[in-house]
Amino acid sequence: MQADPSSDRTVDLAPGHASAASWPVRWLVFWCWYAWALVTSSRAVLADLVTPGDQARSGIARIRSNCRTDAEVTMLSALITLTPGTLTLGTRRAGARGEEPGDPGARRLLYVHGLYAEDADALREEIHEMERRLLHAMRKEGVA
């Protein structure tokens, strides 16, 4: 992974070299990781609800995604929204590095609301970690 020098700290994912035979195992590992993420985020939301005060530090971050297909961006957006404390507000294609905004191959921008993120960069890091794990499971060759 390599951080983009732009202000939104985009992370570029390199294509992986995983074999197609490991694809089902990568899916299983991803779903186990996601189940754990659901448990920990649900626990954080529940703890905030039952304790006095407000622990939420909500904010919105624009995240430049590495998703190449509509299926990938749809899956990522749905998983973000299903995770307690986060919500995908919207997506759009945006030009970057010489791409036209309407180009089907242009990067997708996600607008994500996070209830417990320290700041926009922390929320981006969380989403990029989920994205990396998801794309490693979804793509037959994985990601590095």
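Helix 2 (residues 70-82) lies across strand 4 and strand 5, running at about 155 degrees to strand 4. The angle is taken between N-to-C directions on a scale from 0 to 180 degrees, with axes fitted to C-alpha atoms, for helices over the stretch in contact. Contact here means heavy atoms within 4.5 Å. Helix 3 (residues 120-138) also packs on the sheet, where it touches strand 3 and strand 5, and its direction makes about 50 degrees with that of strand 3.

Before going further, a word on the model. It is predicted, so local features need pLDDT of at least 70 and side-chain atom pairs count only at pLDDT 80 or more, while totals for chains, interfaces and linings use all residues. Residues are numbered from 1 along each chain as its sequence is written, and side-chain values use heavy atoms, leaving out hydrogens and water.

Three strands form an open, antiparallel sheet in the order 3-5-4. Strand 3 and strand 4 are its edges, each pairing on one side only, and the twist averages 20 degrees from one strand to the next. Two strands count as paired if DSSP finds at least two bridges between them; strand 3 and strand 5 are joined by six.

The chain has three helices and five strands, in the sequence pattern β-β-α-β-α-β-β-α. These elements are DSSP runs numbered from the N terminus: helices are H or I with at least four residues, strands E with at least two. Here are some of them:

| Element | Residues |
|---|---|
| Helix 1 | 23-50 |
| Strand 3 | 59-64 |
| Helix 2 | 70-82 |
| Strand 4 | 86-94 |
| Strand 5 | 107-114 |
| Helix 3 | 120-138 |

Helix 1 has 28 residues and reaches 41 Å from its first C-alpha to its last, close to the 40 Å expected at 1.5 Å a residue (1.5 Å times one less than the number of residues). Its buried residues are Arg26, Phe30, Tyr34, Ala37, Ser41, Val45 and Asp48, and they pack against helix 2 and helix 3. Buried means under 20% relative accessible area, with a 1.4 Å probe and protein chains only. Across the chain, buried residues make up 36% of the 144 residues.

Finally, confidence: pLDDT, the predictor's confidence in each residue, runs from 0 to 100. Its mean for the chain is 84, and 85% of the residues reach 70 or more. Confidence is highest in helix 2, at a mean of 95, and lowest in strand 1 (residues 2-3), at 40.

Key
Buried means under 20% relative accessible area, exposed over 50%, partly exposed in between (1.4 Å probe, protein chains only).
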